[in-house]
Amino acid sequence: MPPITRLVLATHNAAKVAEFRDLFAPHAIEIVSAGDLGLPEPDETGTTFVANAELKAEAAALASGLPALADDSGLCVDGLGGDPGIYSARWAGKPADFPAVMARIDAMLTERGLMSDAQRRAHFVAALSVVWPDRQRLTVEGKVFGTAVPPRGILGFGYDPMFRPDGHDKTFGEMTAMQKHGIPIDGSQALSHRARAFQLLAAQLFTAR
């Protein structure tokens with residue numbers, strides 16, 4: 001893969017930009033966002049997380065002339081047939097109202113009598129795609145499994161407050177950024193879906209540097 005010194009993040013979400021800057025900090029890569037460059041957001045017409053990540057990254061790469069990274073992520077709740085899934089952002093509305101949509105999901109599960117942890121299984125998915133201006137691409141996907149719980153915490157963003165990862169008492173909304181997506185120095189698996197995807201991406205993107 002061609003070396004990267006400057007990378008466009010294909011997002012207008014400031015919280016995502018902050019997370020990715022933390023993840024890329026050890027690699028001495030300059031990060032700019034699509035918002036910084038005034039790039040438009042393409043319609044997410046894909047039917048999978050991977051397809052949406054790739055189309056967003058390609059649009060940003062072609063528009064900027066720089067390598068671009070896009071993520072497409074969402075919460076999949078088993079008791080709702082995998083919803084909201086790839087429609088996670090749409091469920092939240094425009095402008096996004098995550099407290100309202102999390103309350104709605106919790107109410108839907110309760111109305112269906114799904115109250116126990118076993119009945120509220122859920123997972124987060126993050127697909128990451130890097131696309132170069134010549135359309136070369138590298139795409140990976142990370143997942144983390146857990147339970148959809150009544151929202152707790154004000155940290156993170158999106159659906160974080162209602163997701164408690166397996167093996168933990170806190171929701172993502174109660175965890176610091178380092179607890180949630182810090183990559184262990186011993187090389188073990190990171191916790192969040194986005195950090196896990198980044199580990200897979202970094203293993204291919206930076207090993208040859």
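**Note on the fold and its pockets**

1. The chain has 7 helices and 6 strands. Both are DSSP runs numbered from the N terminus: helices are H or I with at least four residues, strands E with at least two. This is a predicted model: local features need pLDDT of at least 70, side-chain atom pairs count only at pLDDT 80 or more, and totals for chains, interfaces and linings use all residues. Residues are numbered from 1 along each chain as its sequence is written, and side-chain values use heavy atoms, without hydrogens and water.

2. From the N terminus, the order is β-α-β-α-α-β-α-α-β-β-β-α-α.

3. The C-alpha atoms fill a box of roughly 50 × 40 × 25 Å along the principal axes.

4. Now the pockets. A pocket is an open set of points on a 1 Å grid over the protein atoms alone, where a 1.4 Å probe fits, with protein on both sides within 12 Å along at least five of seven lines; lining residues have an atom within 4 Å of a point. The largest pocket holds about 1,000 Å³ of space. It has 38 lining residues, and K16, E41, E44, K56 and A89 are the closest to its centre. Helix 3 (49–64), strand 3 (68–77), helix 4 (88–92) and helix 7 (193–205) each supply at least two lining residues.

5. The second largest pocket holds about 190 Å³. Its lining includes D22, H27, M178 and F198. Helix 1 (14–24), helix 6 (177–181) and helix 7 each give two or more residues to this lining.

Key
Grid points are joined across faces, edges and corners, and a volume is the space filled by probe spheres set on the points.
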